[in-house]
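Please read these notes with the model open beside you.

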There are 2 protein chains.
Amino acid sequence: MRIEIPTNAERFGANLFYPVQKIYELDGGFEVDSAFDNPFHVIQQIPYEQLYGIEKDLAIVIPVKDERLRLLEGVLSGIPHACLPIILSNSKSEPIDRFRMERNMVDTFCRYAKKKYIIAHQRSPELARIFTDGGYRHLLDDDGLVRHGKAEGMLAGIALAHLAGKKYVGFIDSDNFFPGAVYEYVRIFSAGLSQGKSPYSMVRIQWHSKPKIVGSELFFTKWGRVSRITNQYLNLFLSHYTGYETDVLRTGNAGEHALSMPLALSLDYSAGFSVETYHFVSLMEKFGGVLPGPYPEIMKNGVEVFQIESRNPHLHEAAKGDGHIREMIEYSLSVLWHSAICPAALKKEISAELRRQKITGKNREPVKLRQYPVLSGLNFKAAAKTTDWTQFGNFIPQ
Amino acid sequence: MRIEIPTNAERFGANLFYPVQKIYELDGGFEVDSAFDNPFHVIQQIPYEQLYGIEKDLAIVIPVKDERLRLLEGVLSGIPHACLPIILSNSKSEPIDRFRMERNMVDTFCRYAKKKYIIAHQRSPELARIFTDGGYRHLLDDDGLVRHGKAEGMLAGIALAHLAGKKYVGFIDSDNFFPGAVYEYVRIFSAGLSQGKSPYSMVRIQWHSKPKIVGSELFFTKWGRVSRITNQYLNLFLSHYTGYETDVLRTGNAGEHALSMPLALSLDYSAGFSVETYHFVSLMEKFGGVLPGPYPEIMKNGVEVFQIESRNPHLHEAAKGDGHIREMIEYSLSVLWHSAICPAALKKEISAELRRQKITGKNREPVKLRQYPVLSGLNFKAAAKTTDWTQFGNFIPQ
């Protein structure tokens, strides 16, 4: 990959938020290019070997919920071989057992491709056992099973990735029509993570564009309705503390993102569609230096957040209705509003925005979403002892 | 890349036409996977190093005609670094000088990415000079410039690729919305060509699907109207000689294709949109063993044609009207009809099809298109002597 060198990060406590980086080549060549032997170049080549160095330690969590099998197969074909796919399905098992079909398809595909994989149903007792035996019951409901929800599936995916011994974990949606875009997203993960100088780093993808059908034509939108609003208030949040207005944050709702495992285990998580926005809130709360926090290791090393613009548009299946969009706006803004360090002035502005969008009425607080504490609270040693890997596909940790 | 091993080719004289191969992984891993150490596996891994071995000798010709600059930039970003892009533009130079804009964009992009490139305008005297000085005037019109037309641009591209010392040449359209699809196409070229046991080989891409807007939804068509008809008659042509009905040929109109240079220089070419279909006609006429031909070297080595199905759908800009589709059908079928080895019965069927499609009237022959003899007739040594590479971008042959 050939990509801009990240510059001029906004600092907030121990956090460095880098501006969006532009990609020049999806494949930057096999050999190290001596054309870059010059300290004044603004583009860098990340050689394949370096990307591979990340990818062999990278698990890709693919949350699935009743998406089409052929799309999931395409997504698998786009993931670089060295990565370990973790399919976390919350698909129906009746009247048609979609999960069984997914499992069969993935198994056949990986048998042909000679690929290791992990698959789990979000509501299976085998998966729940990890959290029971690891003493992290926050994720379990009254039935003792992992709660419904995409964020909950993502947390289970992080736990599986860590148990599998992976050092990085990324997320890719299962309804992408373009395996070539999936391929690029994963390469962006490994390119981004390879830039990290701290063990605590994150990569977030800004989609190049999102094709919409307008009339009988395609229109390539750049900013989604939700992202536009989320990013605006995220930047105001940040600006309040730095004293300088900024638009550096562009990925407040980035579903496609990846984290180093130490960072993934050190963040709090929020339920539902606020999970991605809450990454920033958790970073600012915990490592922003405003609230006291017992994280000397992270404060010393710092946290790096890279934002990279994909070259591929994002064309996926799910069409989100208006109601869903308003829910997403509320969820994204609610985690800012409810933050212990949200400035009072910003709270007011957010409330006004939610009223303008006809999401909440006057004098009503935005919904407060369930939160999950750091996954490092899970006793992975205890969980590992009782994990039966044969239940989860063909991967056995070394 | 991980991909099916090609099987059960249809033989026609010295030609081997392989059935469509399916891809399992766009990136098949960095190291050689010992899981394939078994003679009974039906999937193969083509390691990155092997792909790279082809790509450093592969030129990618990108014909351009007034397409959007941003799409061309995206296409460039998708081409693996080791390949040499050759932009062959027939864009307008007035009232707006689009070619100058293309040239500036490509130059800036390649300056940042540190990429070698060749660019030429199809109607420039510099390009024409290659064919004048090389004594191949077939391609030139009365003004002494390379004729208009996509096929003509492709031929000029092949000549430039050969002058540049490249061993392979592939073609990618400039209006693809997905750089990840472009990336896959080129990887398919290098994977396919790396399979060749003969110095004379070709790779043709069958698109996974082509998204169409139907109502306000996307529908992923598998077979285009033109391809469906072209392939049907191509297969009938082949079946006539082998005595077995077949549907092995699926890529009669494959714009995305690549050839080894010895094969590219040994084929005849047909003008306009028939160029891709005519590949097959030329192969069957010259190396099919039906007509006598002075090609002992090729007859001995054989010709291999690989067909590979992409994982990415093909989403591009150009919308082709009904009139254009009928023209394409006529052009594709006309090269079969006019072939010296087209069986009389097939001629009748083609004529009937053209009448059914309301393309030609009764007792009218399909249009006879201009043909170009083998490019090996061009005196490349003479042309090389007078070629001023500084006119064509930043690439200087070694």
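1. A:Asp141 is buried, with a relative accessible area of 18%. The term buried means under 20% relative accessible area, exposed means over 50%, and partly exposed lies in between (1.4 Å probe, protein chains only). A:Arg123 also counts as buried, at 17% relative accessibility. The side chains of A:Arg123 and A:Asp141 meet in a salt bridge, 2.8 Å from N to O. The pair links distant parts of the chain, 18 residues apart: A:Arg123 is in the loop between β8 (118-121) and α4 (125-133) of chain A, and A:Asp141 is in the loop between α4 and α5 (150-163) of chain A.

2. On the source: this is a predicted model, in which local features need pLDDT of at least 70 and side-chain atom pairs count only at pLDDT 80 or more, while totals for chains, interfaces and linings use all residues. Residues are numbered from 1 along each chain as its sequence is written, chains are lettered from A and ligands numbered from 1 in the order in which they are written, and side-chain values use heavy atoms, with hydrogens and water left out.

3. How many salt bridges does a search of the whole structure find? Over all chains there are 42, a salt bridge being a side-chain nitrogen of Lys or Arg within 4 Å of a carboxyl oxygen of Asp or Glu. One of them joins B:Glu73 and A:Lys22, at 3.4 Å from N to O. This pair crosses between chains, from helix α2 (residues 69-78) of chain B, which holds B:Glu73, to the loop between β3 (15-21) and β4 of chain A, which holds A:Lys22. B:Glu73 counts as buried at 17% relative accessibility, whereas A:Lys22 is partly exposed at 29%.

4. In chain B, the side chains of B:Asp57 and B:Lys56 form a salt bridge of 3.7 Å, N to O. B:Asp57 is buried, with a relative accessible area of 14%; B:Lys56 is partly exposed, at 40%. A network of salt bridges links A:Arg2, A:Glu25, A:Asp33 and B:Lys115.

5. An open sheet of chain A has three strands in the order β4-β1-β5, with antiparallel pairing. Strands β4 (23-25) and β5 (43-45) of chain A are at the edges; each has a single partner strand, so one side of each lacks a neighbour in the sheet. Neighbouring strands here are turned by 25° against each other on average, direction ignored; the axes are lines fitted to C-alpha atoms, for helices over the stretch in contact, and angles run from 0 to 180 degrees between N-to-C directions. Strand β1 (residues 2-4) of chain A is joined to β5(A) by three bridges, and A:Glu4 has A:Ile43 in β5(A) as its bridge partner. Two strands count as paired if DSSP finds at least two bridges between them. Helices (H or I, at least four residues) and strands (E, at least two) are DSSP runs, numbered from the N terminus.

6. Strand β10 (residues 200-206) of chain A is mostly covered, with seven of its seven residues buried. In a regular strand the side chains alternate between the two faces of the sheet. From β10(A), A:Tyr200, A:Met202, A:Arg204 and A:Gln206 point one way, and A:Ser201, A:Val203 and A:Ile205 the other way. β10(A) pairs with strand β15 (residues 303-309) of chain A in the parallel sense, over seven bridges, and A:Met202 stands opposite A:Val305 in β15(A). Three bridges join β10(A) to strand β13 (residues 257-260) of chain A in the antiparallel sense; there A:Val203 has A:Ala258 as its bridge partner.

7. Two helices of chain B deserve a look. Helix α5 (residues 150-163) has 14 residues and reaches 20 Å from its first C-alpha to its last, close to the 20 Å expected at 1.5 Å a residue; the expected span is 1.5 Å times one less than the number of residues. In α5(B), 12 of the 14 residues are buried, among them B:Glu152 and B:Met154. Just after α5(B), B:Gly165 takes a positive phi of about 85°.

8. Helix α9 (residues 275-287) of chain B has 13 residues, which should span 18 Å at 1.5 Å a residue, and its end C-alpha atoms are 18 Å apart, which agrees. Because 13 of its 13 residues are buried, α9(B) is largely enclosed by the rest of the structure. B:Gly289 follows α9(B) and has a positive phi, near 80°.
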